[in-house]
Amino acid sequence: MKDITLFELDVFTELSKSQTLRSVARAKSLTPSHVSKILTRLEKKLDSNLFKRCASGLMLTPEGRNLIGYAEKILHEAKAFDGPALSNNPQRLIGIGGINFLINRLMVPIIQSLTTKYPNTRFRLMNLIPDHVMPSGMLGAYEIALHMGQLPWPSTWASVTLGKMPFQLVARASHPLSTQTTEKEVQKYPFVVPNYWSSEGFYTGNDSCPLSWNQRIRGHEVSQAENAIAIARHTDHLVFGPLLISQPWLRTGELKAIEVKEWTTSVSKPVCLTVQGLNISKSLQLYLIKKLKAELKDGLSLKPSLQ
């Protein structure tokens with residue numbers, strides 16, 4: 001196997017998982033024909049057919065099943081050296097997908113530092129609605145995910161909790177509600193509704209509010225958290241949502257936080273970074289964790305730190 005490259009083994013293992021040339025091509029920033037040529041080259045070196053075509057895509061042959069264990073072990077050992085990324089492209093493209101406001105508030109601010117640290121890497125940022133984060137990753141749309149709450153990722157993906165995201169009820173500074181009120185008073189005003197479009201039509205998202213939608217007045221509908229805050233700043237609509245999106249306006253005094261007497265338990269969710277292990281170096285993972293944790297802490301503080 002001395003003539004076989006790590007990149008060829010990486011493509012082979014990815015094909016064994018996704019079973020389609022197209023999904024691997026998207027993940028590796030290649031064309032399906034290029035992936036096909038890599039596979040053909042590997043099979044020629046081994047003098048074996050590694051896959052056979054079936055209705056669901058590509059299926060490992062007995063020779064392929066025999067190779068997969070060795071390939072995964074070799075790649076795992078190679079990853080431990082934390083050398084160059086497993087790509088023969090001098091400028092690698094890495095996809096980062098996640099919830100809109102997490103991408104905008106956490107990932108965008110650190111892009112310059114990422115560019116400086118990894119000059120031969122480009123990043124593709126993808127804003128996704130919550131329910132599409134994991135399915136898009138499984139289809140090969142990106143290698144890094146930024147999301148809230150634990151998701152059932154497969155073993156080839158690794159998740160790290162960056163911190164806790166508090167949720168807060170907010171309204172414009174001149175709103176008739178006082179900063180300490182009751183559920184009865186809150187129920188007199190409309191809430192901005194998180195609403196998303198899928199192939200099955202529109203559906204209402206879960207904003208984690210202690211009051212169900214049956215107990216609240218439905219107001220304007222949006223699919224991005226920033227738009228919900230904009231509506232709250234200019235109308236009597238209320239927003240119950242992640243503190244990260246409202247904190248900048250709480251700092252300036254354009255919004256006020258409202259405490260509801262009956263809501264004795266605070267709401268918070270973990271903010272998670274999930275990466276596709278074999279495709280992302282350990283150094284990049286650790287760097288992202290460090291920078292994103294700092295950005296999250298700064299975003300949730302009452303006063304932003306000086307940078």
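**A surface patch, salt bridges and a helix pair**

Leu6, Tyr70 and Ile74 together make a nonpolar surface patch of about 270 Å² in this predicted model. Of these residues, Ile74 belongs to helix 4, which spans residues 62–80. Its classification as partly exposed follows from a relative accessibility of 33%.

Attention now turns to the charged side chains. Side chains of opposite charge can pair when their charged atoms come close. The structure contains 7 salt bridges. One of them joins the side chains of Arg41 and Glu8, with an N to O distance of 2.7 Å. Because Arg41 is in helix 3 (residues 32–46) and Glu8 is in helix 1 (residues 6–18), this pair ties together parts that are 33 residues apart in sequence. Glu8 is buried, at 2% relative accessible area, whereas Arg41 is partly exposed, at 37%. Both residues also belong to a network of salt bridges that links Glu8, Arg41 and Lys45.

Asp207 and Arg216 form another salt bridge, in which the closest N and O atoms are 2.9 Å apart. Here Asp207 is buried, with a relative accessible area of 7%, and Arg216 is buried as well, with 8%. In the salt bridge between Glu185 and Lys188, the closest N and O atoms lie 3.0 Å apart. Glu185 is partly exposed at 29% relative accessible area, and Lys188 is partly exposed at 48%.

Helix 9 (residues 225–234) packs with helix 10 (residues 243–252) at an angle of about 35 degrees, their axes being 9 Å apart. The crossing of helix 9 and helix 10 is right-handed. Ala225, Ile229 and Arg233 of helix 9 make the contact with Ile245, Ser246 and Trp249 of helix 10.

How values were computed
Residues numbered from 1 in each chain as written. Predicted model: local features only at pLDDT ≥ 70, side-chain atom pairs only at ≥ 80, totals over all residues. Heavy atoms only, no water. Patch = residues over 30% accessible without salt bridge, like charges linked within 9 Å, V, L, I, M, F, W, Y side chains within 5 Å. Areas by Shrake-Rupley, 256 points an atom, 1.4 Å probe, with all protein chains shown as cover. Salt bridge = Lys/Arg side-chain N within 4 Å of Asp/Glu carboxyl O. Helix = DSSP H or I, 4+ residues; strand = E, 2+ residues; numbered from the N terminus. Buried < 20%, exposed > 50% of the residue type's maximum accessible area, 1.4 Å probe, protein only. Axes fitted to C-alpha atoms, helices over the stretch in contact; angles between N-to-C directions. Left-handed = near helix turned anticlockwise from the far one by under 90°. Contact = heavy atoms within 4.5 Å.
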